[in-house]
Amino acid sequence: MEILQTLAELNQWRRPIKIKSIGFVPTMGALHDGHLSLMRAAKKQNDLSICSIFVNPTQFNEASDLEKYPRTVEADIALLESVATDAVFIPKAAEIYPEDGFDIPVFQLDHLTNTLEGAHRPGHFEGVVQVVYRLLDLVSPHRLYMGLKDFQQQAIIAEMLRQMRSNISLVPCPIQRAADGLAMSSRNRRLSTEERRIAPDIYQVLKKTKAEWQAAKSPSEIQANAINQLELAGFEVDYFEIVDAKTLATVPMFDTSVQAIACVAAWLGAIRLIDNMKLSE
């Protein structure tokens, strides 16, 4: 596996393979099986696969959260080698955000960024769009692989690519879960033993939510039940919303024509967990 740390090294790796298909997985490191599932898909569907590891400072709302974000580069490299990744790009911030700046188009994304995560983390998605745009410009992949745990994020990037009229294909990949249902996340390693025992309750609440939706209960009743269950389990809920999977608009009433999805963000101690589940196909 090639380890690339500068744009010059990335360009040298990229130059001889312009005609081949490249699958790209952008990450902030602290890799786990969820990331590896994306790499396996990229490896299977393309001639070459590349992963980036860059803890992007512009998408963190709190400096302390940026500081605490786990950094495990040596272990990450070993994991990427275990799934035969072709290259990993590990740039410094100056490579991504040069002093002389870089051009980025103006995207109309407010309808997707102002709700859910965007309502609780102002500026977060501006940072996500900025870094993903920059990485795509540098790597020039043919396919971009993103996990559906960050459902809103991949919806925003899909719309960004549409507005760019980009030839890059976004490949959304299923949520990878531990045996007890907890969605895999780099933040999970920061949970205490007791918090890790409680954390899968989010998945159980989502499963109950799906059953209640399919029983035609109203979204407001489902939401109230879910928040109550989570709070009783020990979570502090930022939001629990049932939204249209296409527009992320709140679903006001049960409607079989809507592709409904339940999205949740909740604190367990000092750790903020997110998850989601499609309620209808």
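This is a predicted model: local features need pLDDT of at least 70, side-chain atom pairs count only at pLDDT 80 or more; totals for chains, interfaces and linings use all residues.
Trainee: How many disulfides does the structure hold?

Mentor: It holds 0 disulfides, where a disulfide is a pair of cysteine sulfur atoms within 2.5 Å.

Trainee: Switching to helices. At what angle do H1 and H8 pack?

Mentor: Helix H1 (residues 7-14) and helix H8 (residues 124-139) pack at about 50 degrees, and their axes are 10 Å apart. Helices (H or I, at least four residues) and strands (E, at least two) are DSSP runs, numbered from the N terminus. The axes are lines fitted to C-alpha atoms, for helices over the stretch in contact, and the angles run from 0 to 180 degrees between N-to-C directions.

Trainee: And what do we call that orientation of H1 and H8?

Mentor: H1 and H8 are oblique to each other. Under 35 degrees counts as roughly parallel, over 145 as roughly antiparallel, 65 to 115 as roughly perpendicular, and the rest as oblique.

Trainee: Which residues of H1 and H8 meet?

Mentor: From H1 you get Leu-7, Leu-10 and Arg-14, and they meet Arg-134, Leu-138 and Val-139 of H8. Contact here means heavy atoms within 4.5 Å. The residues of that contact are 4 nonpolar, no polar and 2 charged. For the classes, Ala, Val, Leu, Ile, Met, Phe, Trp, Tyr, Cys and Pro count as nonpolar, Asp, Glu, Lys and Arg as charged, and the others, Gly among them, as polar.

Trainee: What about H8 and H9, where do their axes come to?

Mentor: The axes of H8 and helix H9 (residues 151-164) come within 11 Å and cross at roughly 55 degrees, so H8 and H9 are oblique to each other. The crossing of H8 and H9 is right-handed. A crossing is left-handed if the near helix is turned anticlockwise from the far one by less than a right angle, and right-handed if clockwise.

Trainee: Which residues make that contact?

Mentor: H8 brings residues including Phe-125, Val-128 and Tyr-133, and H9 brings others, among them Gln-152, Ile-156 and Met-160. The contact of H8 with H9 divides into 11 nonpolar, 2 polar and no charged residues.

Trainee: How do H11 and H12 pack?

Mentor: H11 and H12 pack at about 160 degrees with axes 10 Å apart, which makes H11 roughly antiparallel to H12. Their crossing is right-handed. The contact residues include Glu-212 and Trp-213 of H11 and Ile-222 and Asn-225 of H12.

Trainee: Where does Lys-217 sit?

Mentor: Lys-217 is in the loop between helix H11 (201-214) and helix H12 (219-233). With 29% relative accessibility, Lys-217 counts as partly exposed. Not counting residues up to four places away in sequence, Lys-217 touches Glu-212, Ile-222, Asn-225 and Phe-254.

Trainee: Last topic, backbone. What is phi for Leu-116?

Mentor: Positive, about 50 degrees, although Leu-116 is not a glycine. Most residues other than glycine have a negative phi. Leu-116 lies in the loop between helix H6 (110-113) and helix H7 (117-120), and is buried at a relative accessible area of 5%.

Trainee: And phi of Arg-165?

Mentor: Near 55 degrees, again a positive value in a residue other than glycine. Arg-165 is in the loop between H9 and strand S6 (169-173) and counts as exposed at 76% relative accessibility.

How values were computed
Residues are numbered from 1 along each chain as its sequence is written. Side-chain values use heavy atoms; hydrogens and water are left out. Buried means under 20% relative accessible area, exposed over 50%, partly exposed in between (1.4 Å probe, protein chains only).
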